[in-house]
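Try each task before reading its solution.

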Amino acid sequence: MDLLNTLVDKGLRRELPTREEALAVLAGSDDDVLDVVAAAGKVRRHWFGRRVKLNYLVNLKSGLCPEDCSYCSQRLGSTAGILKYTWLKPDEASAAAAAGLAGGAKRVCLVASGRGPTDRDVDRVSRTIKAIKDEHEDVEVCACLGLLSDGQAERLREAGADAYNHNLNTSEATYADITTTHTYADRVDTVRKAHAAGLSACSGLIAGMGESDAELVDVVFSLRALDPDSVPVNFLIPVEGTPLAKEWNLTPQRCLRILAMVRFVCPDIEVRIAGGREVHLRTLQPLALHLANSIFLGDYLTTEGQTGRADLEMIADAGFEVEGTDQVTLPEHRVAGGCGGGCGSQGGGGCGSHEGAGCGSSHEGAGCGSEAVGGGGGVCGSHGSAVPVGAQAEPGEVRTDLVAVRRRGAGTDLAPNA
């Protein structure tokens, strides 16, 4: 308890824990996991109250990514049976976004697979941003398009984007084991470009790829040093047809410890539960709301999530409330700190993460980022279907029963789940 009291005190003062303290959070016994949740929950409530920010993903372009991120279902060489389609038209993307906004989301995350956008792609996304904001004046828009070239972040900002997502995903030391077609430094450079352009930076990680506790702490400390407004935490969804299809390394208790560690290291930053919460947290999802202050609503990029209605019921039953468009996500000192007007108000806070090569870390691409995309936890996040009662994946197995590929919403003729 001395450790947890120390971590709470540091969190309330925005003081960085030591590496040893962060490692101790991950290494504890399942017997005290509720004590860990209660302690980190004090920090979460101090900075964010009982509000939960809802974010909604729109997959603008799915599949056929040239990058080789091992976790991603949209990767080069993937045999996953995901939806594949080229760019949605602005009116199609706006209609998809409207479904999420009607369900209570205040932020729309526009994700596209690929290494990074061409200048023509930036023009296309700029038109999409305008179409969405013409219909929904107060919406926050986060782009997740992969690795950015010079000047592209500024153009997205001028077009009305509030934030940009690009995840680090894993530690610098192990990055080359997960992806070879771009580098960790490339990702850091894109996050810095977004920051410099006045966009609210969103960057997170993917847990469950076989990394050690030390490597998890490394990437979270690196994220804190980059100072994003939002940190999406993805839990790998091992999708059949990807190299990590048999990596089932997470338990609900492990996921709670990871979220608690991130909260202690990033006390006043938006912590978002991204891909994989349905699959790995399962019935303990409500406990995770005591640690994170942000989630994705409905489906992810390439996989299905919990129904939007179930998300809203879970939030209410756990004693939390959905954050309104008139509420600022981040604490006042972060908003006043000069985040380019973003930082969680109507244009800050960061996206989540998705699965493209350019985005940030969304589970399906080198660029996407990491926001719950559906490929498995790398770039955009990652998501999955609701898990059957009592289901427990075993390492070394492919579990197609735990992951449902998205067949509705963007890119289809069926109504989206929001």
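**Exercise 1: The chain as a whole**

Task: among contacts between residues at least 6 apart in sequence, find what share joins residues at least 24 apart.

Solution. The model is a predicted one. Take the contacts in the chain between residues at least 6 apart in sequence; 74% of them join residues at least 24 apart. Next, list the secondary structure: 14 helices and 10 strands. Then turn to burial. The chain has 418 residues, and 63% of them count as buried. Last, take the surface. The accessible area of the chain is about 13900 Å², and carbon and sulfur atoms account for 49% of it.

**Exercise 2: The nonpolar cores**

Task: state how many residues the largest nonpolar core has, and which have the most contacts inside it.

Solution. Start with the count: the largest nonpolar core has 91 residues. Val58, Leu156, Leu205, Phe235, Leu259, Met261 and Phe264 have the most contacts inside this core. Now ask which element supplies the largest share. Helix H10, residues 252–265, does, with nine residues. Another core lies apart from the largest one. This other core has 10 residues, including Cys144, Ala163, Ala274 and Tyr300.

Zoom in on one residue. Leave out residues up to four places away in sequence. Valine 58 then touches Leu88, Ala93, Ala96, Ala97, Val108, Cys109, Leu110 and Val111.

**Exercise 3: Rings**

Task: count the aromatic pairs and classify what you find.

Solution. Ring centres must lie within 6.5 Å to pair. By this rule there is one aromatic pair. The ring centres of tyrosine 175 and tyrosine 184 are 6.1 Å apart, and their planes meet at 65°, so the pair is edge-to-face. The cut-off for that class is over 60 degrees.

Are the two tyrosines buried or exposed? Buried means under 20% relative accessible area. Tyrosine 175 has 3%, so it is buried. Tyrosine 184 has 8%, so it is buried too.

One more ring deserves a look. Which residue lies over the face of phenylalanine 320? Arginine 50 does, at 4.4 Å from the ring centre.

**Exercise 4: Cysteines**

Task: find how many disulfides the structure holds, then check the burial of cysteine 69.

Solution. A disulfide is a covalent bond between the sulfur atoms of two cysteines. The structure holds zero disulfides. Cysteine 69 has 0% relative accessibility, so it counts as buried. Cysteine 109 is buried as well, with a relative accessible area of 0%.

Key: Residues are numbered from 1 along each chain as its sequence is written. This is a predicted model: local features need pLDDT of at least 70, side-chain atom pairs count only at pLDDT 80 or more; totals for chains, interfaces and linings use all residues. Side-chain values use heavy atoms; hydrogens and water are left out. Rings of Phe, Tyr and Trp (its six-membered ring) pair if their centres lie within 6.5 Å; planes under 30 degrees apart count as stacked, over 60 as edge-to-face and the rest as tilted. Buried means under 20% relative accessible area, exposed over 50%, partly exposed in between (1.4 Å probe, protein chains only). A charge sits over a ring if NZ of Lys or CZ of Arg is within 6 Å of the ring centre and within 35 degrees of the ring normal. A disulfide is a pair of cysteine sulfur atoms within 2.5 Å. A nonpolar core is a set of buried Ala, Val, Leu, Ile, Met, Phe, Trp, Tyr and Cys residues joined through side-chain atoms within 4.5 Å. Helices (H or I, at least four residues) and strands (E, at least two) are DSSP runs, numbered from the N terminus. Contact means heavy atoms within 4.5 Å. Accessible areas come from the Shrake-Rupley method with a 1.4 Å probe; for residues, only the protein chains shown count as cover.
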